[in-house]
Amino acid sequence: MSSPALRALTTVTNVSLTDTGIIAELGGGVRPELLRVDAIRDDVVRLKISRGGVFDESPSYAVRDDLEQEEVDVDVEIGAERVTVSTPAVTVSVTTEPFGIDVHRADGTVVVETAPDGDGGRAGYATLNDAFAFARRSSPGGAVYGLGEKTGPHNRKGKDYNLWNVDVLNPTSSGEFTRGRDAADPRADPMSTDFDPYYMSIPFVIEQDPATGHAFGSFVDNGYSGHYDFRNGDRTAVRFEGGQYTEYIFAGPDIPGIIEAYTWLTGRTALPPLWSLGYHQCRWHGYEQSDVLELAQGFREREIPCDTLWLDIEYMDGYRVFTWNSELFPDVPGMLSSLEDDGFRMITIVDPGVKAEPGYGVFDDAVERGVLCLTEGGDIYIGQVWPGDTAFPDLVTEEGRRWWGALNAEHVRSGIAGIWNDMNEPATGVISPLGMRFGRGEFSHERYHNQYALLMAMGTTQGLLEAMPDRRTFVLSRAGSAGIQRYAANWMGDNVANWDHLRLSIAMANGLGMSGQAFVGADIGGFAGDSGAELFARWMQYGALTPFCRNHSMIYQRPQYPWSFGPAVERIAREALQLRYRLLPYIYSAFVAASETGAPVQRPLAFSYQYDAIVESVEDQYLFGADLLVAPIVEAGAVTRSVYLPEGGWYDWHTDEYLSGGRHIAALAPLDRIPLYARAGAVVPMLGEAPASTRGLAPREVELHLFVPEAGAPDVVSTLHEDDGESFAASDGAVVRTRVTVSRDGDTVRVSAVSDGDGFDGFARERFILVVHGADPSGVVGAEANGERIVLECGADGFEVSVTV
Ligand code: GLC
């Protein structure tokens with residue numbers, strides 16, 4: 001049955017001024033509503049429509065609660081047919097009858113325009129029984145990015161998407177979206193690479209005009225079930241099943257600026273502790289304490305770098321959260337301290353499903369405090385997670401979050417490095433989640449379903465920070481919604497050990513990066529199903545160059561440790577991880593940039609080259625940080641692939657061959673080589689050797705790999721950020737930040753570095769080693785050269801050197 005048409009609001013009357021825009025009455029519907037238009041930054045406007053004549057002012061959780069209204073110079077003109085609200089950057093035009101909203105940039109170019117509704121009206125806003133919808137003009141052939149964790153192509157144009165967090169491999173959860181689909185429809189199969197929806201819902205999109213390449217952003221701050229429809233080329237239709245219409249429009253036209261503005265609003269990826277950028281070894285497996293210690297030994301003996309070992313649900317006593325199975329783990333403190341001695345940390349899983357069992361302390365305490373989700377009738381809501389009947393923390397209340405945060409803090413204090421949150425869609429097994437209400441029973445499930453994981457990560461992070469205020473937190477979450485990047489990293493849930501899922505994970509991570517979440521990664525090797533030698537080797541090579549680097553697999557699958565597929569694959573895995581560890585100064589600096597500007601760490605080419613129409617369809621490549629281009633092998637048996645190099649110059653990482661951009665090349669990729677390129681002009685900071693882990697890492701030397709720019713190329717600035725990697729002291733200046741500018745004049749390449757910051761405890765770097773790629777440096781002025789390695793004894797100061805090439 002198709003859903004009945006919503007009733008449009010068609011007229012605008014009684015317009016009055018506010019400090020930041022206008023408020024007006026919207027008529028023509030079942031009853032009048034109020035419209036607010038607010039300029040909150042020169043390039044960001046907010047549109048709101050009341051429900052029942054009242055605006056919902058409760059916290060949105062997606063938007064930062066410390067956001068300060070910027071001073072905006074707002075100019076309002078009220079005419080009979082049109083009311084305009086202008087900032088120096090944009091003009092919002094509200095047509096009074098029929099009601100519609102158009103936004104243009106100051107130069108007259110279109111940001112958004114309300115679509116016609118087919119009956120001579122405009123699809124500005126329609127509503128019926130809590131649902132609301134609107135539609136915008138679009139252009140056939142344009143590109144749409146964003147919407148967070150989605151399957152299928154990273155350009156969303158041509159498809160439709162649901163926003164409802166789903167435990168993908170659980171038929172009760174995904175069934176709503178598979179039911180009634182033809183067996184030939186890939187969305188009938190939750191394991192397909194087109195299944196929708198997934199674990200996360202982020203109602204943020206970036207839409208690009210095919211004629212100009214200009215882009216705008218739209219964020220609907222609403223956690224209810226939603227639907228975005230891009231199937232009709234000239235119209236984008238958006239519908240939510242409840243809540244208030246609150247939309248932010250980001251004028252663009254450049255994608256990095258749109259993401260900067262969106263993450264200014266919803267927060268940036270929190271700067272992670274350095275260790276969390278190392279390699280993570282996880283496996284759902286019935287480990288005993290001795291197995292864990294043996295595993296740790298295995299890494300060190302084989303000289304494969306690793307920072308963190310993870311324990312999945314089997315470590316608990318009967319799957320009761322915040323307990324240990326003491327038969328399997330007789331001496332947890334002893335195990336943790338021995339791991340620490342070897343430079344390892346441990347992370348354990350924490351699901352929200354609290355075993356509903358009188359006598360189990362966590363459950364009893366929660367019942368007594370009234371911090372569990374209730375049903376409409378006031379019963380404690382029961383779902384089914386690993387321990388059977390489970391209750392769920394009511395994370396919509398401050399008390400619930402504090403209680404949950406304190407439990408997590410206690411767990412971390414016992415020697416655990418971070419928290420792994422799973423099943424937080426929330427997943428409720430064979431029982432429908434809809435009976436679960438929030439806020440002591442006050443709010444429907446639908447209102448906060450998509451925000452449950454966000455609230456869980458928020459409560460966890462706040463609890464950890466309260467207990468350990470000087471220590472950066474690490475939380476990994478499966479589900480999420482807009483704003484989750486402030487509190488947690490996300491992995492992409494239960495993937496399958498096959499090539500399609502390897503390939504899918506590239507576009508998925510790119511989509512998350514374009515949606516404000518920079519700290520992402522898929523289960524390396526594949527979660528469900530047995531991985532194979534070639535697939536595993538290719539996945540490790542690629543996974544080592546993704547923001548979050550964790551190998552994970554399902555219980556009873558064949559082991560997929562780096563050494564599980566024989567010596568040749570072990571060598572490939574070692575090399576891949578050693579490269580990651582050598583690149584840590586570069587990767588860390590990319591995370592600093594993400595935390596300051598929202599720039600994703602794993603970026604689709606469209607982020608940096610939006611005016612190049614070719615990149616729209618480049619699905620299986622990405623930039624890792626600003627200067628490395630990664631083109632993973634995504635097919636069995638392939639030893640060569642086509643790679644698109646965008647404009648500018650590039651260097652083959654493996655051979656140092658210079659390649660001009662703006663074209664496709666054929667890359668050679670024998671099994672031990674992933675196609676990888678460095679941008680000409682860039683300086684990539686690296687460690688000379690890969691450490692076994694990041695513990696105690698305090699390098700005396702950092703290599704600066706200079707990729708010589710071609711003559712006539714513009715200057716390139718690269719930034720290295722060094723700090724203690726674990727506290728918040730960097731935000732008070734305890735950092736060394738080095739900006740390296742590379743410029744070329746004829747045969748002379750000048751490299752000048754300016755360092756600032758106060759330095760920090762543990763800073764040990766005495767020198768940089770400038771390593772020149774693409775030329776044999778001669779005529780070095782300003783330093784001592786030793787072949788292609790130029791030694792710069794500069795500590796925390798800058799340097800200036802020039803090289804004849
Ligand atoms: C879920 C998680 C997976 C985990 C398993 C057992 O399927 O997505 O990562 O291993 O539960 O906890």
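# Notebook: domains, pockets and cavities

I started with the domain assignment, which gives domain 1 (7–266), domain 2 (351–472), domain 3 (606–679) and domain 4 (698–804); such bounds come from an automatic or database domain assignment. I noted that this is a predicted model, where local features need pLDDT of at least 70, side-chain atom pairs count only at pLDDT 80 or more, and totals for chains, interfaces and linings use all residues. Residues are numbered from 1 along each chain as its sequence is written, and side-chain values use heavy atoms, with hydrogens and water left out.

**Entry 1: domain 1 against domain 2**

I looked up how far apart the C-alpha centres of domain 1 and domain 2 lie, and found 31 Å. For contacts (heavy atoms within 4.5 Å), I found 17 residues of domain 1 touching 19 residues of domain 2. The size of an interface is often given as the accessible area lost when the parts come together. Here the two domains bury about 1500 Å² between them, with 52% of it on carbon and sulfur atoms; this is the accessible area (1.4 Å probe) that two parts lose on being put together, summed over both.

How many salt bridges does the rule find across the interface of domain 1 and domain 2? I got one, a salt bridge being a side-chain nitrogen of Lys or Arg within 4 Å of a carboxyl oxygen of Asp or Glu. I also looked at Asp 56, which forms a salt bridge with Arg 447, and their closest N and O atoms are 2.9 Å apart.

**Entry 2: the pockets**

First I wrote down the rules. On a 1 Å grid over the protein atoms alone, a cavity is a set of points where a 1.4 Å probe fits but cannot get out, while a pocket is an open set with protein on both sides within 12 Å along at least five of seven lines; lining residues have an atom within 4 Å of a point. Grid points are joined across faces, edges and corners, and a volume is the space filled by probe spheres set on the points.

The largest pocket has a volume of about 1000 Å³. I count 42 residues in its lining, and Arg 268, Ala 270, Leu 271, Arg 486 and Phe 728 lie nearest its centre. Helix H6 (398–413), helix H8 (452–467) and helix H12 (584–597) are the elements that give two or more residues to this lining; helices (H or I, at least four residues) and strands (E, at least two) are DSSP runs, numbered from the N terminus. H8 has the largest share, four residues. By class, I see 19 nonpolar, twelve polar and eleven charged residues, where Ala, Val, Leu, Ile, Met, Phe, Trp, Tyr, Cys and Pro count as nonpolar, Asp, Glu, Lys and Arg as charged, and the others, Gly among them, as polar.

I then turned to the second largest pocket, with a volume of about 690 Å³. Its lining has 29 residues, and closest to its centre are Asp 56, Ser 58, Pro 59, Ser 60 and Asp 221. Strand S5 (44–49), strand S20 (245–250) and helix H7 (445–448) each supply at least two residues.

**Entry 3: the cavities**

I found six cavities of 30 Å³ or more. The largest has a volume of about 80 Å³, and 13 residues line it, with Pro 203, Asn 222, Gly 223, Ser 481 and Ala 482 nearest its centre. Its lining has six nonpolar, six polar and one charged residues.

The second largest cavity holds about 70 Å³ of space. Among its lining residues I noted Phe 134, Arg 136, Glu 207 and Tyr 228.

**Entry 4: backbone details**

Most residues other than glycine have a negative phi, and most peptide bonds are trans. I looked for exceptions. A cis peptide bond joins Gly 252 and Pro 253, with omega about 5 degrees, and Pro 253 sits in the loop between S20 and helix H2 (255–266). The bond from Glu 425 to Pro 426 is also cis, with omega near -5 degrees. Asn 129 has a positive phi, near 45 degrees.
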